[in-house]
Amino acid sequence: MSEQPPAPLPREKKVPVQVTRFDKVLGQRRNLIYIVVGALVLVVLLALPPLGVSGFWLRTITQAYVLAIMAIGWNFIGGYTGYAAFGNVAFFGLSAYVTGILMKKVGVPFLPSLLTGALFAAAFAVLIGLAVLRLKGHYFAIATLGVAEATREIIADDLGFLLKIPGDLLGLIGLDKAAESLHAAAEKVAITDGPRGIVLPFFQPPFQIGDLTKVQIEAWFFYYLTLSLVILGILGTWWLIRTKLGYSLVAIREDEDSAKMLGINTTWAKVTAFALAAFMAGLAGGINAYWKTFVLPEEVFRIGHTLEMILSTILGGPGTVLGPALGAGIFTLVSSLLIFKLKLGGFHVMITGLFIVIVIVFTPKGVGEFLTGKKPLALSSLLENIRRYRV
Amino acid sequence: MEGFAQNLVNAMLLGGTLALVALGFSIVWGVLNIINLMHGVFVMLGAYVTYSAFTYLGIDPFLSIPFSMLIIFGLGYLLQRYLINLVIRAPLLVTFLLTFGLEMVFVNVALLIWKGDFRSVTTGYSGVGLVLGAVKIPYIRLAGIAISFLLALLLHLFMTYTKTGNAIRSVGMDLDAARLMGVSIAPTYAVTYAIGAALAAAAGSLISMTFPIYPNMVGSWTLRAFVIVVLGGLGSIPAVLLGAFAFALVEVFGGSYLPGLKDAIAFAVLVLVLVVRPSGIAGKAFYK
């Protein structure tokens, strides 16, 4: 009798599950199509400035990139860790101020100032985070909101009280001379110039490119700088979620107590995520300061910035790699069109607000879910959220 | 820096207004379990209704309080019934963001209608008050605190002795049990929210007489309402009153020492309470 080994099974080809009409249209090569489209988009974006696109569009797209940087940062703490921070504009503003102060008053060039500003924001986040990340859910959100507001007031007040309080304490224990000098210093100190704000030095092109004007070189500089930071941010997110830290963050989001029982150092993980978010927001803040050439407390600590980055992340899909950038792009595009083409300038804040309302009610997990096929592209998906959570 | 006695009196008077603002916030949080970031909007709108009634129709500000309350009651009812109710059982952060978005919309609308200038309501009797030694007590603020207490009392009576009030309390205690008892949840939620809004509007009307009003005052008042409710403890009317007066003391004395850092002080109080005693002074109970 000859014993033959059983014939090997034929290799089964992996077919992605086709759930939705969207999937069926794209067919089995859906992922490949996405990669090709993504590469094309990247090439187009890289080539935009040399193609002679108008200044308006370059500025708008650069604005979108800045928002995307902030949103990518927020995604770390809000999307992946599940701690919805409402005060990230504090990091944006602090970095803007540090960058501005270093450039204007100390004369440091741009890139080192930017880096210092972002690192300062991250350090601040670590300090605040250790206190605030103990709180859960809405308490954490309001606490971070309070941090942002308090930071704004302190900066607008020009830090005088930091010298005034020790001065008064010294006066109480009788060291009047020292108290006097501290008080005098508090009057004279002008670190942040209070509510007047700081004006930064203008951009000076380091070298000449063809026959472009100074203004155009400036536009190109900021465009490529922000674009490369967005790409780095996306790659960084993609890498992060494959590290132990990334998995820890998702574990914290899903069930923090179980994560602690598994031995994850949740405090360290949360603070790291918070610091990363602050770093990204800080980069955006420093770039914004140099780009707009001025910093004002009401502008750089405006709560609208936080709302925009949260909205972008949620719109694109929180907890995804491309979500924040996608959402930032959609939001900036729509609001720019509404503001500049339809001349609805005074309605900017209202547009953001309405966007938030619509996104929250209809697509709380963002449009990313439609693209990855998890949700069918039908009206019922939009109403699903309402059906689940209405009274 | 004012004298100690004047500060103390100011704190007492401010406490009344703050209590009224925080009362509505506390009811909405206790019964609907949503943190209404729009609360400041109702304060602002109430203030502007009184301002408009006074400036364009010549109606005395105290007389316009019922009107501002009524108008904002209607607005709050519609908002809750047809918008916020759509996602009310979602996680807290969803309604958080929703009310925040709505706040942005309303602030923008207010900016477009009334512009960003500071306005106030000054009547013939605005500056008049009792003078006891070094302490000045304006009659307006005295009336304000009286109205606050009156409204708090009315609220308590409403909650305890009327059918709707009892329905609201039962929904706050146990939603499903209330439903089983035949309470209609959607209108009850809407009425609760509307009451909160109306109280805020009354506070706004009083504020328009004593402070300058401008559309961006919204954030400050919402933050203070939140801090007071956390400080006093979610649950009963006395808890809110306690928290309001405690907070008023901190704000007046802190504000006279470090002017310009009002929100920073409020935030510092908040963090302190959350770290030391998260349930507030009077502790969290179901809404009494």
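This is a predicted model: local features need pLDDT of at least 70, side-chain atom pairs count only at pLDDT 80 or more; totals for chains, interfaces and linings use all residues.
Residues are numbered from 1 along each chain as its sequence is written, and chains are lettered from A and ligands numbered from 1 in the order in which they are written.

**Helix 10 of chain B and its cover**

- Helices (H or I, at least four residues) and strands (E, at least two) are DSSP runs, numbered from the N terminus.
- The buried residues of helix 10 of chain B are B:A239, B:V240, B:L241, B:L242, B:G243, B:A244, B:F247, B:A248, B:E251 and B:V252.
- A residue is buried if 20 or more other C-beta atoms lie within 10 Å of its own, exposed if 12 or fewer, and partly exposed in between, with C-beta atoms placed from the backbone.
- Helix 1 (4-32), helix 5 (139-161), helix 9 (218-232) and helix 11 (262-276) of chain B are among the elements that cover these buried residues.

**Two partners of helix 8 in chain B**

- Helix 6 (residues 163-173) and helix 8 (residues 185-210) of chain B have axes that come within 10 Å and cross at roughly 100°; axes are lines fitted to C-alpha atoms, for helices over the stretch in contact, and angles run from 0 to 180 degrees between N-to-C directions.
- The two helices are therefore roughly perpendicular to each other, the class for 65 to 115 degrees, with under 35 counting as roughly parallel, over 145 as roughly antiparallel and the rest as oblique.
- Helix 6 of chain B brings B:T164, B:A167, B:I168 and B:V171 to this contact, and helix 8 of chain B brings B:I185, B:T188, B:V191 and B:T192; a contact needs C-beta atoms, placed from the backbone, within 7 Å.
- The residues of that contact divide into five nonpolar, three polar and no charged, where Ala, Val, Leu, Ile, Met, Phe, Trp, Tyr, Cys and Pro count as nonpolar, Asp, Glu, Lys and Arg as charged, and the others, Gly among them, as polar.
- The axes of helix 3 (residues 61-82) and helix 8 of chain B come within 7 Å and cross at roughly 145°.
- The contact of helix 3 with helix 8 of chain B involves 18 nonpolar, eight polar and one charged residue.

**A closer look at B:S170**

- B:S170 sits in helix 6 of chain B and is partly exposed, with 19 other C-beta atoms within 10 Å.
- Beyond neighbours within four places in sequence, B:S170 is in contact with B:A178, B:M181 and B:V183.

**Where the chains meet**

- The contact takes 37 residues from chain B and 36 residues from chain A.
- Helix 4 (92-114) of chain B gives the largest share of the side of chain B that touches chain A, 15 residues.
- By class, that side of chain B has 30 nonpolar, five polar and two charged residues.

**Chain A and two positive phi values**

- Chain A has 18 helices and two strands, and 43% of its 391 residues count as buried.
- A:T293 is not a glycine, yet has a positive phi of about 60°.
- B:K115, also a residue other than glycine, has a positive phi near 60°, and counts as exposed with 10 C-beta neighbours inside 10 Å.

Conventions. Two residues are in contact if their C-beta atoms, placed from the backbone, lie within 7 Å.
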